[in-house]
Amino acid sequence: MGDVAGTQVQTTTEQQGVSRRGFIKGVIATGASVSASNYVLRSGHGVALAQAPGAVERLVTLNVNGQQRRVDVMPQETLAMTLRYKLGLTGTKIGCDRAECGACTVLVDGIPQYSCSTLTHQVRGREVLTIEGLEGADGTLHPVQQAVVDLQGFQCAFCMPGFVMNMVNLTEENPNATRGECAHHLAGNICRCIDYNKILNVAEKACEYTRNGMRS
Ligand code: FES
Ligand code: FES
């Protein structure tokens, strides 16, 4: 029974002008390009090789830190992965990778988002801001960055980029925030060094700098 089925497959393939041996050789020879392409075209015959679902990258354009960046992105790829490993923007950290710690926070159209839990395809056509994009064109620091420098507000600083990006949003939305309001705003960020007192000092100082019109 198996031989009959095998004969039918071979006959059908040969009717299409592609021998079984030749087909396998073609797959081996073109294996490297299969991962980057949906189809292997051989001897003028279109031999479509189905790929594993989700393995196909697609070239997209992203607006990151005011620049148009072209990058190949898989459907299930997170923004944190794209930023760090494809665009080289390693200021964005990955801590928990499941929307709990806030280390990966970036701004999307000005709103803080966990980039570990945001698909890159979701931010096409939107403005992404990472910590690398905070510095002014003339090299001046953002008020939040200046507050961090002035108060030395973090210990290991792994959590810092996420806190800073959330503070940027805080200073834009509520530069008159009280200490309690700062704490509430930053509740989605966790510091493993438990350095919250100094972090809140930074947040208050950043608000003060913003109120004073500082772009230090
Ligand atoms: S790494 Fe994204 S929330 Fe922790
Ligand atoms: S300063 Fe170390 S995790 Fe926050």
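This briefing describes selected features of the structure shown above. The model is predicted. It holds seven salt bridges, and a nonpolar patch formed by I190, I194 and Y196 lies on its surface.

**Packing of helices α5 and α8**

- Two packed helices are described by the angle between their axes and the distance between the axes.
- Helix α5 covers residues 143-151, and its axis comes within 8 Å of the axis of α8.
- The two axes cross at roughly 130°, which makes α5 oblique to α8.
- The crossing of α5 and α8 is right-handed.

**Salt bridge between K86 and E57**

- Side chains of opposite charge can pair when their charged atoms come close.
- K86 and E57 form a salt bridge in which the closest N and O atoms are 3.1 Å apart.
- This pair links distant parts of the chain, since K86 belongs to helix α4 (residues 79-86) while E57 sits in the loop between β2 (45-48) and β3 (58-64), 29 residues apart.
- K86 counts as partly exposed because its relative accessibility is 35%, a value that falls between the limits of 20% for buried and 50% for exposed.
- E57 is likewise partly exposed, with a relative accessibility of 40%.

**Salt bridge between E204 and R179**

- A salt bridge also joins the side chains of E204 and R179, with a distance of 2.7 Å from N to O.
- E204 lies in helix α8 and R179 in helix α7, so the pair ties together parts that are 25 residues apart in sequence.
- The relative accessibility of E204 is 30%, and this residue therefore counts as partly exposed.
- R179 is partly exposed as well, its relative accessible area being 26%.

- The side chains of K198 and D195 meet in a salt bridge with an N to O distance of 3.8 Å.
- Salt bridges that share partners join E57, E77 and K86 into one network.

**Nonpolar surface patch**

- Together, the patch residues I190, I194 and Y196 have about 290 Å² of accessible area.
- I194 is located in the loop between α7 (179-185) and α8 (196-211).
- The relative accessibility of I194 is 64%, so this residue counts as exposed; the limit for that class is over 50%.

**Residues with a positive phi**

- Although D97 is not a glycine, it has a positive phi of about 65°.
- D97 is placed in the loop between α4 and β5 (105-108).
- With a relative accessibility of 43%, D97 counts as partly exposed.
- A157 is not a glycine either, yet its phi is positive, at about 75°.
- The loop between α5 and α6 (160-173) contains A157.
- A157 counts as partly exposed, its relative accessibility being 24%.

Methods:
Residues numbered from 1 in each chain as written. Chains lettered and ligands numbered in written order. Predicted model: local features only at pLDDT ≥ 70, side-chain atom pairs only at ≥ 80, totals over all residues. Heavy atoms only, no water. Patch = residues over 30% accessible without salt bridge, like charges linked within 9 Å, V, L, I, M, F, W, Y side chains within 5 Å. Areas by Shrake-Rupley, 256 points an atom, 1.4 Å probe, with all protein chains shown as cover. Salt bridge = Lys/Arg side-chain N within 4 Å of Asp/Glu carboxyl O. Helix = DSSP H or I, 4+ residues; strand = E, 2+ residues; numbered from the N terminus. Buried < 20%, exposed > 50% of the residue type's maximum accessible area, 1.4 Å probe, protein only. Axes fitted to C-alpha atoms, helices over the stretch in contact; angles between N-to-C directions. Parallel < 35°, antiparallel > 145°, perpendicular 65-115°, else oblique. Left-handed = near helix turned anticlockwise from the far one by under 90°.
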